[in-house]
2 protein chains.
Amino acid sequence: MSTGESSEPGPQSVTGPRINKGLVIVNTGNGKGKTTAAMGVLFRAWGRDFKVIMLQFIKHSTANFGEQRAAQKIGVEMRAMGDGFTWRSKDLDQTADLARAHWEDCKEVIATGDYDVIVLDEFTYPMHYGWIPVEEVIEVLKNRPEMQHVIITGRHAPQDLIDYADLVTEMNVVKHPYHEGIKAQPGIEF
Amino acid sequence: MSTGESSEPGPQSVTGPRINKGLVIVNTGNGKGKTTAAMGVLFRAWGRDFKVIMLQFIKHSTANFGEQRAAQKIGVEMRAMGDGFTWRSKDLDQTADLARAHWEDCKEVIATGDYDVIVLDEFTYPMHYGWIPVEEVIEVLKNRPEMQHVIITGRHAPQDLIDYADLVTEMNVVKHPYHEGIKAQPGIEF
(Lines give C-alpha, C1' and ligand atoms only; values in the text may rest on other atoms or scores of the structure.)
Protein backbone atom coordinates (compact mmCIF):
# COMPACT_ATOMS: atom_id res chain seq x y z
CA MET A 1 0.00 0.00 0.00
CA SER A 2 1.07 3.50 -0.66
CA THR A 3 2.33 5.62 2.18
CA GLY A 4 2.54 9.24 1.38
CA GLU A 5 5.78 10.98 1.53
CA SER A 6 6.61 7.59 2.53
CA SER A 7 4.88 6.30 -0.49
CA GLU A 8 8.07 7.06 -2.33
CA PRO A 9 10.00 3.83 -2.43
CA GLY A 10 11.80 3.97 0.90
CA PRO A 11 14.99 2.30 2.05
CA GLN A 12 12.96 -0.75 3.07
CA SER A 13 11.34 -1.25 -0.28
CA VAL A 14 14.39 -0.84 -2.42
CA THR A 15 16.15 -3.84 -3.89
CA GLY A 16 19.39 -4.06 -5.80
CA PRO A 17 22.52 -1.98 -5.47
CA ARG A 18 21.98 1.61 -4.37
CA ILE A 19 24.39 4.48 -4.46
CA ASN A 20 25.13 6.48 -1.33
CA LYS A 21 25.89 10.06 -2.26
CA GLY A 22 25.20 13.67 -1.55
CA LEU A 23 22.18 14.92 -3.45
CA VAL A 24 21.57 18.08 -5.41
CA ILE A 25 17.96 18.96 -4.70
CA VAL A 26 15.98 21.66 -6.48
CA ASN A 27 12.67 23.03 -5.20
CA THR A 28 11.12 25.14 -7.90
CA GLY A 29 7.70 26.22 -9.25
CA ASN A 30 5.35 29.11 -8.55
CA GLY A 31 3.80 27.74 -5.38
CA LYS A 32 4.56 28.04 -1.70
CA GLY A 33 6.77 25.60 0.10
CA LYS A 34 10.06 25.82 -1.76
CA THR A 35 12.01 27.50 1.02
CA THR A 36 9.79 25.94 3.66
CA ALA A 37 10.54 22.42 2.49
CA ALA A 38 14.26 23.23 2.38
CA MET A 39 13.97 24.46 5.94
CA GLY A 40 12.20 21.23 6.85
CA VAL A 41 15.12 19.27 5.43
CA LEU A 42 17.60 21.43 7.35
CA PHE A 43 15.63 20.84 10.51
CA ARG A 44 15.46 17.10 9.91
CA ALA A 45 19.17 16.92 9.14
CA TRP A 46 19.92 18.96 12.25
CA GLY A 47 17.89 16.37 14.14
CA ARG A 48 20.47 13.85 13.02
CA ASP A 49 23.31 16.13 14.16
CA PHE A 50 24.31 17.02 10.62
CA LYS A 51 26.07 20.34 10.20
CA VAL A 52 23.72 22.56 8.20
CA ILE A 53 23.63 26.13 6.87
CA MET A 54 21.21 28.29 4.89
CA LEU A 55 22.66 30.85 2.49
CA GLN A 56 19.97 33.26 1.36
CA PHE A 57 19.96 35.17 -1.90
CA ILE A 58 17.03 37.29 -0.79
CA LYS A 59 17.53 39.81 1.94
CA HIS A 60 14.30 39.71 3.87
CA SER A 61 12.94 43.06 4.94
CA THR A 62 12.76 42.12 8.58
CA ALA A 63 15.04 40.10 10.81
CA ASN A 64 12.00 38.72 12.57
CA PHE A 65 11.02 36.00 10.16
CA GLY A 66 10.01 32.85 11.98
CA GLU A 67 12.66 30.76 10.29
CA GLN A 68 15.41 33.12 11.33
CA ARG A 69 14.19 33.07 14.90
CA ALA A 70 13.89 29.30 14.82
CA ALA A 71 17.33 28.87 13.28
CA GLN A 72 18.80 31.17 15.89
CA LYS A 73 17.10 29.24 18.70
CA ILE A 74 18.75 25.98 17.64
CA GLY A 75 22.02 27.51 16.53
CA VAL A 76 21.67 26.91 12.80
CA GLU A 77 23.58 29.40 10.75
CA MET A 78 21.81 31.57 8.16
CA ARG A 79 23.70 34.04 5.99
CA ALA A 80 21.83 36.56 3.91
CA MET A 81 23.13 38.35 0.87
CA GLY A 82 24.31 41.99 1.07
CA ASP A 83 22.87 44.42 3.55
CA GLY A 84 19.80 46.37 2.62
CA PHE A 85 19.39 44.53 -0.63
CA THR A 86 15.89 44.00 -1.94
CA TRP A 87 14.59 42.49 -5.15
CA ARG A 88 12.81 45.73 -5.89
CA SER A 89 16.09 47.53 -5.85
CA LYS A 90 16.16 49.87 -8.85
CA ASP A 91 19.87 49.40 -9.20
CA LEU A 92 20.08 46.06 -10.96
CA ASP A 93 23.82 46.33 -11.52
CA GLN A 94 24.36 46.60 -7.81
CA THR A 95 22.01 43.69 -7.26
CA ALA A 96 23.93 41.55 -9.70
CA ASP A 97 27.19 42.49 -7.99
CA LEU A 98 25.81 41.60 -4.58
CA ALA A 99 24.58 38.26 -5.85
CA ARG A 100 27.96 37.49 -7.38
CA ALA A 101 29.78 38.46 -4.19
CA HIS A 102 27.46 36.24 -2.15
CA TRP A 103 28.05 33.39 -4.59
CA GLU A 104 31.81 33.73 -4.03
CA ASP A 105 31.18 33.22 -0.31
CA CYS A 106 28.91 30.27 -1.05
CA LYS A 107 31.59 28.63 -3.14
CA GLU A 108 33.97 28.79 -0.20
CA VAL A 109 31.37 27.35 2.15
CA ILE A 110 30.76 24.49 -0.29
CA ALA A 111 34.46 23.80 -0.84
CA THR A 112 35.43 23.67 2.85
CA GLY A 113 33.33 20.56 3.39
CA ASP A 114 32.39 21.86 6.83
CA TYR A 115 28.69 21.37 6.17
CA ASP A 116 26.66 18.25 5.44
CA VAL A 117 23.67 20.13 4.09
CA ILE A 118 23.77 23.54 2.41
CA VAL A 119 20.68 25.44 1.31
CA LEU A 120 21.15 28.04 -1.43
CA ASP A 121 17.87 29.82 -0.91
CA GLU A 122 16.35 31.70 -3.87
CA PHE A 123 19.52 30.98 -5.78
CA THR A 124 17.65 30.29 -9.03
CA TYR A 125 17.06 34.01 -9.56
CA PRO A 126 20.66 35.15 -10.08
CA MET A 127 21.04 32.27 -12.54
CA HIS A 128 17.73 33.05 -14.22
CA TYR A 129 18.74 36.69 -14.66
CA GLY A 130 22.10 35.70 -16.08
CA TRP A 131 24.17 37.17 -13.27
CA ILE A 132 25.74 33.85 -12.37
CA PRO A 133 26.41 31.31 -15.14
CA VAL A 134 24.63 28.00 -14.63
CA GLU A 135 27.65 26.17 -16.06
CA GLU A 136 29.82 27.59 -13.29
CA VAL A 137 27.30 26.54 -10.65
CA ILE A 138 27.22 22.99 -12.02
CA GLU A 139 31.04 22.88 -12.04
CA VAL A 140 31.11 23.91 -8.39
CA LEU A 141 28.48 21.30 -7.54
CA LYS A 142 30.42 18.61 -9.41
CA ASN A 143 33.55 19.40 -7.42
CA ARG A 144 31.88 19.59 -4.03
CA PRO A 145 32.61 17.09 -1.22
CA GLU A 146 31.07 13.77 -2.19
CA MET A 147 28.58 13.33 0.63
CA GLN A 148 27.46 16.97 0.80
CA HIS A 149 23.81 17.69 0.05
CA VAL A 150 22.94 20.98 -1.65
CA ILE A 151 19.39 22.28 -1.87
CA ILE A 152 18.59 25.10 -4.29
CA THR A 153 15.25 26.91 -4.12
CA GLY A 154 13.42 29.46 -6.23
CA ARG A 155 11.26 29.87 -9.31
CA HIS A 156 12.55 29.48 -12.85
CA ALA A 157 15.21 26.85 -12.15
CA PRO A 158 17.39 26.73 -15.28
CA GLN A 159 16.93 23.58 -17.35
CA ASP A 160 20.65 22.70 -17.17
CA LEU A 161 20.44 22.73 -13.38
CA ILE A 162 17.33 20.53 -13.47
CA ASP A 163 19.14 18.13 -15.77
CA TYR A 164 22.09 17.97 -13.39
CA ALA A 165 20.12 17.72 -10.13
CA ASP A 166 19.23 14.43 -8.45
CA LEU A 167 15.84 15.40 -7.05
CA VAL A 168 13.64 18.12 -8.49
CA THR A 169 10.24 19.04 -7.15
CA GLU A 170 7.90 21.61 -8.56
CA MET A 171 5.60 23.34 -6.09
CA ASN A 172 2.47 24.65 -7.77
CA VAL A 173 -0.26 26.88 -6.43
CA VAL A 174 -3.64 25.22 -6.47
CA LYS A 175 -5.27 27.83 -4.26
CA HIS A 176 -3.87 30.84 -2.51
CA PRO A 177 -5.43 32.83 0.33
CA TYR A 178 -4.15 36.18 -0.96
CA HIS A 179 -6.64 35.74 -3.76
CA GLU A 180 -9.37 35.76 -1.14
CA GLY A 181 -8.28 38.76 0.88
CA ILE A 182 -6.57 36.88 3.68
CA LYS A 183 -3.33 38.30 5.05
CA ALA A 184 -0.05 36.41 5.14
CA GLN A 185 0.02 34.93 8.64
CA PRO A 186 3.09 35.31 10.87
CA GLY A 187 4.64 32.00 11.86
CA ILE A 188 2.99 30.28 8.92
CA GLU A 189 4.17 32.08 5.83
CA PHE A 190 7.05 34.10 7.21
CA MET B 1 8.52 44.71 -0.68
CA SER B 2 8.20 41.20 -1.77
CA THR B 3 10.61 38.68 -0.40
CA GLY B 4 11.14 35.40 -2.04
CA GLU B 5 8.88 32.62 -1.06
CA SER B 6 8.37 35.74 -0.36
CA SER B 7 8.10 36.44 -4.04
CA GLU B 8 4.43 35.65 -3.38
CA PRO B 9 2.60 38.89 -2.68
CA GLY B 10 3.61 39.55 0.91
CA PRO B 11 1.94 41.51 3.67
CA GLN B 12 3.73 44.66 2.62
CA SER B 13 2.63 44.53 -0.99
CA VAL B 14 -1.04 43.96 -0.31
CA THR B 15 -3.51 46.81 -0.37
CA GLY B 16 -7.08 46.91 0.84
CA PRO B 17 -8.66 45.22 3.85
CA ARG B 18 -7.13 41.90 4.84
CA ILE B 19 -8.54 39.23 7.06
CA ASN B 20 -6.54 37.85 9.96
CA LYS B 21 -7.46 34.23 10.50
CA GLY B 22 -6.21 30.73 11.01
CA LEU B 23 -5.51 28.98 7.75
CA VAL B 24 -6.33 25.53 6.50
CA ILE B 25 -3.35 24.52 4.41
CA VAL B 26 -3.18 21.44 2.19
CA ASN B 27 0.08 20.05 0.77
CA THR B 28 -0.77 17.44 -1.81
CA GLY B 29 0.56 15.94 -5.07
CA ASN B 30 2.84 13.04 -5.91
CA GLY B 31 6.13 14.78 -5.20
CA LYS B 32 8.41 15.10 -2.21
CA GLY B 33 8.10 17.96 0.21
CA LYS B 34 4.56 17.68 1.49
CA THR B 35 5.48 16.59 5.00
CA THR B 36 8.81 18.39 4.81
CA ALA B 37 7.17 21.73 4.07
CA ALA B 38 4.68 21.17 6.89
CA MET B 39 7.63 20.51 9.17
CA GLY B 40 9.25 23.70 7.94
CA VAL B 41 6.12 25.63 8.90
CA LEU B 42 6.06 23.98 12.32
CA PHE B 43 9.68 24.91 12.81
CA ARG B 44 9.09 28.50 11.70
CA ALA B 45 6.02 28.81 13.94
CA TRP B 46 7.98 27.34 16.83
CA GLY B 47 10.57 30.04 16.14
CA ARG B 48 7.83 32.56 16.95
CA ASP B 49 6.98 30.68 20.14
CA PHE B 50 3.75 29.31 18.74
CA LYS B 51 2.51 26.09 20.30
CA VAL B 52 2.73 23.42 17.62
CA ILE B 53 2.06 19.69 17.24
CA MET B 54 2.35 17.07 14.50
CA LEU B 55 -0.23 14.28 14.42
CA GLN B 56 0.88 11.53 12.08
CA PHE B 57 -1.40 9.16 10.24
CA ILE B 58 1.51 7.04 9.11
CA LYS B 59 3.37 5.01 11.61
CA HIS B 60 6.90 5.11 10.33
CA SER B 61 8.79 1.89 10.54
CA THR B 62 11.61 3.38 12.57
CA ALA B 63 11.64 5.84 15.43
CA ASN B 64 14.89 7.31 14.18
CA PHE B 65 13.53 9.58 11.51
CA GLY B 66 15.33 12.90 11.47
CA GLU B 67 12.16 14.90 12.02
CA GLN B 68 11.31 12.93 15.13
CA ARG B 69 14.79 13.47 16.50
CA ALA B 70 14.66 17.15 15.65
CA ALA B 71 11.20 17.58 17.14
CA GLN B 72 12.34 15.82 20.28
CA LYS B 73 15.42 18.04 20.53
CA ILE B 74 13.32 21.20 20.56
CA GLY B 75 10.41 19.76 22.52
CA VAL B 76 7.83 19.74 19.75
CA GLU B 77 5.21 17.08 20.24
CA MET B 78 4.62 14.40 17.59
CA ARG B 79 1.94 11.77 17.98
CA ALA B 80 1.81 8.83 15.63
CA MET B 81 -1.19 6.70 14.92
CA GLY B 82 -1.54 3.27 16.59
CA ASP B 83 1.47 1.25 17.58
CA GLY B 84 3.01 -1.10 15.10
CA PHE B 85 0.77 0.14 12.35
CA THR B 86 2.16 0.38 8.87
CA TRP B 87 0.53 1.08 5.55
CA ARG B 88 1.73 -2.32 4.50
CA SER B 89 -0.65 -3.87 6.99
CA LYS B 90 -2.72 -6.57 5.32
CA ASP B 91 -5.58 -5.98 7.70
CA LEU B 92 -7.35 -3.00 6.20
CA ASP B 93 -10.25 -3.13 8.66
CA GLN B 94 -7.84 -2.75 11.51
CA THR B 95 -6.08 0.06 9.67
CA ALA B 96 -9.35 1.90 9.19
CA ASP B 97 -10.19 1.46 12.87
CA LEU B 98 -6.78 2.79 13.93
CA ALA B 99 -7.17 5.79 11.65
CA ARG B 100 -10.60 6.55 13.05
CA ALA B 101 -9.36 6.22 16.63
CA HIS B 102 -6.46 8.57 15.88
CA TRP B 103 -8.88 11.04 14.28
CA GLU B 104 -10.93 11.06 17.50
CA ASP B 105 -7.77 12.09 19.36
CA CYS B 106 -7.04 14.73 16.74
CA LYS B 107 -10.51 16.21 17.11
CA GLU B 108 -9.86 16.68 20.82
CA VAL B 109 -6.48 18.28 20.17
CA ILE B 110 -8.11 20.67 17.69
CA ALA B 111 -11.03 21.52 19.98
CA THR B 112 -8.91 22.30 23.06
CA GLY B 113 -7.36 25.31 21.36
CA ASP B 114 -4.08 24.50 23.09
CA TYR B 115 -2.16 24.62 19.82
CA ASP B 116 -1.59 27.44 17.34
CA VAL B 117 -0.48 25.16 14.53
CA ILE B 118 -1.55 21.54 14.06
CA VAL B 119 -0.19 19.29 11.32
CA LEU B 120 -2.36 16.33 10.33
CA ASP B 121 0.33 14.43 8.48
CA GLU B 122 -0.73 11.99 5.73
CA PHE B 123 -4.32 12.63 6.76
CA THR B 124 -5.57 12.65 3.17
CA TYR B 125 -5.31 8.86 2.96
CA PRO B 126 -8.00 7.92 5.49
CA MET B 127 -10.29 10.38 3.71
CA HIS B 128 -9.29 9.11 0.29
CA TYR B 129 -10.02 5.54 1.32
CA GLY B 130 -13.39 6.50 2.76
CA TRP B 131 -12.52 5.65 6.35
CA ILE B 132 -13.13 9.18 7.60
CA PRO B 133 -15.84 11.28 5.90
CA VAL B 134 -14.51 14.51 4.38
CA GLU B 135 -17.71 16.31 5.43
CA GLU B 136 -16.97 15.50 9.07
CA VAL B 137 -13.41 16.77 8.72
CA ILE B 138 -14.66 20.03 7.23
CA GLU B 139 -17.20 20.42 10.04
CA VAL B 140 -14.43 19.97 12.63
CA LEU B 141 -12.26 22.50 10.80
CA LYS B 142 -15.15 24.99 10.62
CA ASN B 143 -15.67 24.75 14.37
CA ARG B 144 -12.03 24.98 15.34
CA PRO B 145 -10.57 27.94 17.30
CA GLU B 146 -10.53 30.94 14.99
CA MET B 147 -6.81 31.66 14.91
CA GLN B 148 -5.69 28.03 14.75
CA HIS B 149 -3.78 26.93 11.65
CA VAL B 150 -4.22 23.37 10.42
CA ILE B 151 -1.94 21.79 7.83
CA ILE B 152 -3.02 18.58 6.10
CA THR B 153 -0.55 16.59 4.01
CA GLY B 154 -0.76 13.63 1.67
CA ARG B 155 -1.58 12.58 -1.87
CA HIS B 156 -5.09 12.49 -3.25
CA ALA B 157 -6.52 15.38 -1.22
CA PRO B 158 -10.32 15.14 -1.64
CA GLN B 159 -11.78 17.90 -3.81
CA ASP B 160 -14.17 19.06 -1.07
CA LEU B 161 -11.22 19.61 1.22
CA ILE B 162 -9.37 21.54 -1.49
CA ASP B 163 -12.47 23.67 -2.00
CA TYR B 164 -12.67 24.42 1.70
CA ALA B 165 -8.94 25.04 2.30
CA ASP B 166 -7.32 28.49 2.22
CA LEU B 167 -3.97 27.50 0.75
CA VAL B 168 -3.38 24.46 -1.41
CA THR B 169 -0.06 23.52 -2.93
CA GLU B 170 0.63 20.61 -5.18
CA MET B 171 4.12 19.12 -5.02
CA ASN B 172 5.03 17.35 -8.25
CA VAL B 173 8.00 15.16 -9.05
CA VAL B 174 10.11 16.54 -11.85
CA LYS B 175 13.00 14.19 -11.21
CA HIS B 176 13.58 11.61 -8.55
CA PRO B 177 16.88 9.98 -7.57
CA TYR B 178 15.27 6.57 -6.92
CA HIS B 179 14.82 6.36 -10.63
CA GLU B 180 18.56 6.55 -10.96
CA GLY B 181 19.57 4.01 -8.37
CA ILE B 182 20.41 6.41 -5.58
CA LYS B 183 19.36 5.46 -2.05
CA ALA B 184 17.13 7.57 0.16
CA GLN B 185 19.58 9.61 2.21
CA PRO B 186 19.27 9.81 6.00
CA GLY B 187 18.74 13.35 7.26
CA ILE B 188 17.50 14.46 3.87
CA GLU B 189 14.53 12.30 3.05
CA PHE B 190 13.82 10.73 6.44
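Angles under 35 degrees count as roughly parallel, over 145 as roughly antiparallel, 65 to 115 as roughly perpendicular and the rest as oblique. Helices (H or I, at least four residues) and strands (E, at least two) are DSSP runs, numbered from the N terminus. The model is predicted: local features need pLDDT of at least 70, side-chain atom pairs count only at pLDDT 80 or more, and totals for chains, interfaces and linings use all residues. Residues are numbered from 1 along each chain as its sequence is written, while chains are lettered from A and ligands numbered from 1 in the order in which they are written.

Start with chain A. Six helices and six strands make up its elements. From the N terminus, they run β-α-β-α-β-α-β-α-α-β-α-β. Chain A has 190 residues, and 48% of them count as buried. Here, buried means that 20 or more other C-beta atoms lie within 10 Å of the residue's own; exposed means 12 or fewer, and partly exposed is in between, with C-beta atoms placed from the backbone. Two residues are in contact if their C-beta atoms, also placed from the backbone, lie within 7 Å. Take the contacts in chain A between residues at least 6 apart in sequence: 79% of these join residues at least 24 apart.

Now look at where the two chains meet. Helix 1 of chain A and helix 1 of chain B each cover residues 34–47. They pack at an angle of about 80 degrees, and their axes are 7 Å apart. Axes are lines fitted to C-alpha atoms, for helices over the stretch in contact, and angles run from 0 to 180 degrees between N-to-C directions. The two helices are therefore roughly perpendicular to each other. On the chain A side, the contact uses Thr36(A), Ala37(A), Met39(A), Gly40(A), Val41(A), Phe43(A) and Arg44(A). Facing them in helix 1 of chain B are Thr36(B), Ala37(B), Met39(B), Gly40(B), Val41(B), Phe43(B) and Arg44(B). By class, this contact has eight nonpolar, four polar and two charged residues. Ala, Val, Leu, Ile, Met, Phe, Trp, Tyr, Cys and Pro count as nonpolar, Asp, Glu, Lys and Arg as charged, and the others, Gly among them, as polar.

Helix 1 of chain A also meets helix 2 (residues 66–74) of chain B. Their axes come within 7 Å and cross at roughly 80 degrees. That makes this pair roughly perpendicular. Helix 1 of chain A brings Phe43(A), Arg44(A), Ala45(A), Trp46(A) and Gly47(A) to the contact. Helix 2 of chain B brings Gly66(B), Glu67(B), Arg69(B), Ala70(B) and Lys73(B). The tally is four nonpolar, two polar and four charged residues.

Next, take helix 2 (residues 66–74) of chain A with helix 1 of chain B. Their axes come within 7 Å, crossing at roughly 80 degrees. These helices are therefore roughly perpendicular to each other. Gly66(A), Glu67(A), Arg69(A), Ala70(A) and Lys73(A) meet Phe43(B), Arg44(B), Ala45(B), Trp46(B) and Gly47(B).

Turn to helix 3 (residues 92–112) of chain B. At 1.5 Å a residue, its 21 residues should span 30 Å, and its end C-alpha atoms are 30 Å apart, which agrees. The expected span is 1.5 Å times one less than the number of residues. Buried in this helix are Thr95(B), Leu98(B), Ala99(B), His102(B), Trp103(B), Cys106(B) and Ile110(B). The face turned away carries exposed residues, including Asp93(B), Arg100(B), Glu104(B) and Glu108(B). Just after the helix, Gly113(B) takes a positive phi of about 75 degrees.

Back in chain A, two loop residues stand out for their phi. Glu122(A) has a positive phi of about 65 degrees although it is not a glycine. Glu122(A) sits in the loop between strand 4 (117–121) and helix 4 (124–128). It is buried, with 27 other C-beta atoms within 10 Å. His156(A), also not a glycine, has a positive phi near 55 degrees. Its loop runs between strand 5 (149–153) and helix 6 (159–164). With 13 other C-beta atoms within 10 Å, His156(A) is partly exposed.
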